[in-house]
Amino acid sequence: MWRFIIKRVLLIVPTIFLVLTLIFIIAKSLPGDPVLAAMRYQNNSMDFSSDMIDSRTYNIAAKNLNLDKPEFYFSIVPSNFPSDFYKLSPLQKKFMTNLFRQYGNAELVFALTHEIDEIVSEDFSASESIKSTFSRFIPDLNYLSSTIKGTLNTSPNTKLSQILDLIQHLSGLGKRNNSYLPKIVWHGRDNQYHTWIRNAFLLNLGASTTDGQPALKVIFSSFRWTFIINFFSIIIGYSLAILIGVYAGWNKGLFDKISSIIMYLIYSIPVFWMATILVVFFTTSEYGSWTNIFPSVGIWNINSSDSFVQMIGKNFPLLVLPVFILSTNLLAFIARIVRNSVAEEKNKFYVRHARTKGLSEQYILWYHVFRNASFPLITLIASVFPAALAGSLVVEVICNIPGTGRVLYNAILGQDWAIVNGIVMIYTLLTVTGLLISDILYRWVDPRLKWDGA
Amino acid sequence: MITRLLIVVSVAVIISCQQGYRDIPEEEAAYNLSIRLGFEPDRINPILSRQVHASQIEGMIFLPLSDYNPFSLRLEPVLIKDYPKITAIDPADEEKGLRYEMEIMEEATWDDGTPVTGYDYLFTMKVAQDPYLLNTTWKNQMAHITDVTVDPNNPKKITVLTNNKYILSEEVITNNDVYPEHIYDPDQLLKPYNFQQIKNIGSQADADLDSTLHQFATQFNDEKYSREIISGNGPYEFEEWIPKQQIILKRKENWWGTKFQDKHPSLQAHPASITYHLIPDAQTALTSLKDQRLDLVADITPEQFQELKNYNNQEHPLTLEAPDVLSYYFIAYNNDRPALRDKRVRRAISMLMDIENLIDKLFYGLATRTIGPLSPNHPAYNHDVKPVPFDPQGALKLLAEAGWSDTNHDGILDKTIEGIKTNLSLSILTSRSQLSQDVAIILKSEAEKVGIQMSIIPNDVPKLIQDTENGDYDLSCLASVQSIAAYDPTNFWHSEKAGPGGTNYFNFRNAEVDSLIDKIRITLNESERNELYLKFQQILQDEQPALFLVAPKTPLAALKKLNFKTTTLRPGYFENTISIKN
C-alpha cells in the first residue's frame, strides 16, 4: 500500500511542473506589457495617456517585478542582433525590428536605438519636446531627422547632431538584403522561467503586483476562511446527502418522490442566484420581520488581536448563510447520485441472498449496499475540493467572506498574476490530492483492486 | 430518524442566526462612521499607491499644502497660510521659470505633536525623485521643478523654482501630501543631499548617492511603510488594517485643525472614527446598509439606485444622492483611417448615436450629456456648443456629400479612395464590460440602417489599450477622467503627440487646436484661460475627432440620519465632514 501511495505522490511532482509551465506560457502570451501595466494607475479607467516613460525608469520597474531577465534558457534572434536584445523595452524592440526590416544593418540600428534612449533617459539638457518625441521611438527616419533639424535650428546640441549623422548614414546606405538567419542566444539559468519554477517549488510565489504583499501570505490568510466554510459545507452536504439519498433509494415511496422533487429543484438553481436571493430577501426586515432570518453577510465582528479561532467563534452565525448555500448545492447533487446508486444495488442478487441468510435490513443496507453504492461518491471526492473552491468564489463575493475565491476574483480583475498563479497552484494541488484520496479509497472499499495498481 | 435530525439542525441554525443578528452594537454618542469600499486599497502611502480608493483614505491621514475644496472645486490653502506668492525668476522673461513662495501654518503638527516644517516638504519632494521607488508618477509630474529650498531662518518657509510657466505647476507643487521626515526616514538617509542632486541622479555618476537612493527606496517600498507605519498631519490617525476586511481610522484627540475648520473642509473631523469595510459586491453592501451595518454605500449601479427608490422602510429610511463625477465615456475615432479623415464622416457617425436614449436606457437617467473633455461643472464648460443631434437621415445626407453611396446595391456604402473601391466598413473596439458593449451595439444597429458595416470587437482591457495606443483600430469605446481645474489638453489633442506610440491616439491634427493648447499651457490667469477653453471645445465639436457621450453620475445611498453634502470629486462625499442630524 505504501509503495502505491509513494508512487502516486511522486507523480504529483511532474504534474505540478507541467501546470507551472502552462501557467508561465499563458502569462507570457497575454497581451500588453506587464511592466507598463504595473506602472500605470490601476483604477479600472481607460485613461492611459501616461506621460513618457524613459528606459531607466522602465528598467527599474522591470527589475522590481523580476521581469528584467530573459524569459527562457535561450532566445532566437536574427544573427546580427545584439545578444541582450531582450533588455530593450517593447517600444524599443518594435523600433529596432521595424528599422532593421527597412534598412538592414542591425549594428547601426542598435546604435541609433541606444543614442535615442540616452537622450530620453539621461540628457537633462535636451528639451522636453524632443524627449517626448524620442520616447515614442517612431520608426520613421524622415520624421526623426526633420524633428531634429527643427530643434537644431533653434538650439544647437552636439548629441542631437551625432544622432542626425547616424540617421543620415543609415538612410544613405539604402535598402539592403537583411540577414534573417537565426541565431540561438544562450542565457543560462538566470531566466524568468527558471526563477519561476524554482521559486514556485520553494513556495516563493513573489509579491502581489497590486499591493506588494507576499502572494503566499495573501493566499493563506484568505484560504483559512475558504477552508472553514468549505469544510463545514462538505461535511454537512455529504452527511445529509448520504442520509437522504440512502433513505430515498432504499425505501422509495412518498419520501423519495418529495425529496427527488426538492433535490432537482435545488440542483437546478444556480448558486449565484440562490445566494443573491437569500442575501437580498432573508438578511433584512425589508420584506417583513419574518424574512430577517440570517444576519447581514460578511465578517463584522473582528479585532486584529483576536486569534483565528476567536474570530470564527465570534462570527459563527455570520458563516451560517454561506455554509448553507454551499452545502445545499452540494447536497442536491450528491443525494441524487446516492439515491440512484442505492436503488440500483437494492435489486441485486447479493441483497436477496443476504436477506435469505437472515441478516437485518440495517446491516444489509449499511454494510453491503452502501459499500457498493459508494463508488460514485469516491469518484466525486477527486473533484469535490476544486469544485467546492470554484463554488465558493461566487458565494464569497456575494456573502462578502474574505476567502480565496474573493481574492481570486479581485486578482483576475486587477491582473495580479502572482496571486492568480498561486491560487491556480493550490487548486492543482487539491485536485491531485483528491485524485490520490479517491484512488486509495477505491482500493480500500473494493478488495478486488490491487495496491500494485492492477 | 432523518426527519428528526433535519429538524434539530434547522432549529440550531435559525437560533444561531438570530443570536448573531441581535449582536449589533448600540449607537454611540461619538459617531463611528461605517463606509463601504468596493476595492481594497493597494497601499496607504500617497507616493506609492495607485488606486483611487487609497487616495480617499490617504486624504484623511495626510494633508497637502493646498487642496481642491470638494464643494467650491477650487484649489485652496490647507497647510499653508495663504496662496503661494508667484514671481518670475527672470522678470524680463516669465517663460524662463517661476518662483513659488509659501509658508506653512504655525499650528500644523504631525501625529506625534512635532511641528510640520518646510524640511518635511523638502523631504517629500526628494522622495518623489527617487528613481527606485515602485511608483514614479510624482517624479514624472514634477519634471519641470528645478529646485526646492527651505529658509534656514524660518523653517516654515519654502521656495520652489520651475523651469517654465505652466498651468499645472501650482497643483503639482502644492497638491501633494506631505510626509513627516522623522517617521519615514528615521536614519536621515536623504538629509545630506539637496533636491537638485537627487533629481539629476540620472545624469551624474554619483555611486554613493545612487546606493543611498536604492537603500532608501528599499526601505520606503517595504509594505511596513504602507500598512503599519502610517503617520500624517491630517485629522485622522491610522488605527488598524485587517487585510481584505476593514481599515479603521480614529479622530486625533488634540486635532490642531479644530480651530481652522472653516478654512478648508479637509481640516474638519466630525466622526469619532471611520471604518472602511471592504465589500466588493454592491448588492451585498446595500443589504448591509438596510440592516444598518453600514452608514453609506457609494459606487452602486444606476439600476440598483432605481430599485432603492422603492425602498420604503420607515424605521430605517435612506437618503439617495447621485452627484456628478469627473469621468466621461466617449468613442475615439482613429482620424488616420482613410474613411475617418473626412470630418463629415466622423460627424455622420456621431449623428447615429441616440445619446438621450442611451442615458435613459443604460444609465437610467443618471448621466449628463457632455461635449468634450471638460466636466459640465467646469466654469469653462462651453454650454453654447450644441451637441450633435441624433439624426440618421442627416447622417446619410452628410455621407452622400462626402462621396459615400451604395453603388453596387449590396446594402453597404462605398467610395473610390485612391483608385480603390472601398466599402464603409468599420470595427469598434470595446472592453468586455456590458456597458461598453451595449454602447457599441446601439451604434452598430443605427450604422447598419444607413449602410455602414460595423463589427464589434470586445477585448480584455490590456489588449484594448495596446490596440488603441498602437493605432490598430477604427473606433474605440473608452472612458477617461474629466478635469475640474486647469486642464492641459496636450497629451490627448496636440499634433505633436499624434502618431504611433503617441498619447494622442485619435491621431487628431489641427493647427488651430495646437496653437490654442500652446497658449492654454502657459495662461495662468483663469478667466483668460477659460476663454481659450471655450474655443478649444467649439473646435472639438466642429471637428468631431471623437464622439463624446456622457459624464455619468455616481449614485450613493446613506442612512437618513447622516448630515452630508455631495461633491463632484470622487467618491462623491467627504467622510470627515459627515455628521449626525440633530
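How many cavities of 30 Å³ or more does the count come to?

Modeller: The count comes to 5 cavities of 30 Å³ or more. A cavity is a set of points, on a 1 Å grid over the protein atoms alone, where a 1.4 Å probe fits but cannot get out, and its lining residues have an atom within 4 Å of a point. Points are joined across faces, edges and corners, and the volume is the space filled by probe spheres set on them. The model is predicted, with local features needing pLDDT of at least 70 and side-chain atom pairs pLDDT 80 or more, while totals for chains, interfaces and linings use all residues, and side-chain values use heavy atoms, without hydrogens or water. Residues are numbered from 1 along each chain as its sequence is written, and chains are lettered from A and ligands numbered from 1 in written order.

The largest cavity holds about 80 Å³ of space. Its lining consists of 13 residues, and those nearest its centre are A:I299, A:N400, B:Q245, B:H277 and B:L278.

Strands (E, at least two residues) and helices (H or I, at least four) are DSSP runs numbered from the N terminus, and two strands pair if DSSP finds at least two bridges between them.

B:I578 counts as buried because its relative accessibility is 3%; buried means under 20% relative accessible area, exposed over 50%, and partly exposed in between (1.4 Å probe, protein chains only). Setting aside residues up to four places away in sequence, B:I578 touches B:L33, B:H270, B:P271, B:L296, B:L562, B:N563, B:F564 and B:Y573, where contact means heavy atoms within 4.5 Å. The C-alpha atoms of B:I578 and B:A269 are 8.4 Å apart, although 309 residues separate them along the chain. The loop between strand 22 and strand 23 of chain B also holds B:P571, which is joined to B:R570 by a cis peptide bond with omega about 0°.

B:P70, in the loop between strand 2 and strand 3 (75-77) of chain B, is buried because its relative accessibility is 2%. Among the residues that B:P70 touches are B:H264, B:P265, B:L569 and B:F574.

In chain A, A:I325 is part of helix 13 (residues 308-346), and it is buried because its relative accessible area is 0%. The contacts of A:I325 include A:V271, A:M274, A:L278 and A:C399. A:I325 and A:S233 are 92 residues apart in sequence, with their C-alpha atoms 8.3 Å apart.

Aromatic contacts can be treated together. Over all chains, 42 aromatic pairs are found; rings of Phe, Tyr and Trp (its six-membered ring) pair if their centres lie within 6.5 Å, with planes under 30 degrees apart counted as stacked, over 60 as edge-to-face and the rest as tilted. A:Y73 and A:Y193 are edge-to-face because their planes meet at 75°, with ring centres 6.1 Å apart. A:Y73 lies in the loop between helix 3 (55-64) and strand 1 (74-78) of chain A and A:Y193 in helix 9 (residues 192-201) of chain A, so the pair ties together parts 120 residues apart in sequence. A:Y193 is buried, at 7% relative accessibility. B:F62 and B:Y179 form a tilted pair, 5.4 Å centre to centre with 50° between the planes. Both partners are buried: B:F62 has a relative accessible area of 1% and B:Y179 one of 0%. A cluster linked by ring pairs contains B:Y328, B:F330, B:F492, B:W493, B:Y505, B:F506, B:F508 and B:F548.

Finally, B:N507 has a positive phi near 55° and lies in the loop between helix 17 (490-493) and helix 18 (511-522) of chain B. B:N507 is buried, at 7% relative accessibility, whereas A:L203, with phi near 60°, is partly exposed at 49%.

Definitions and conventions. On a 1 Å grid over the protein atoms alone, a cavity is a set of points where a 1.4 Å probe fits but cannot get out, and a pocket is an open set with protein on both sides within 12 Å along at least five of seven lines; lining residues have an atom within 4 Å of a point.
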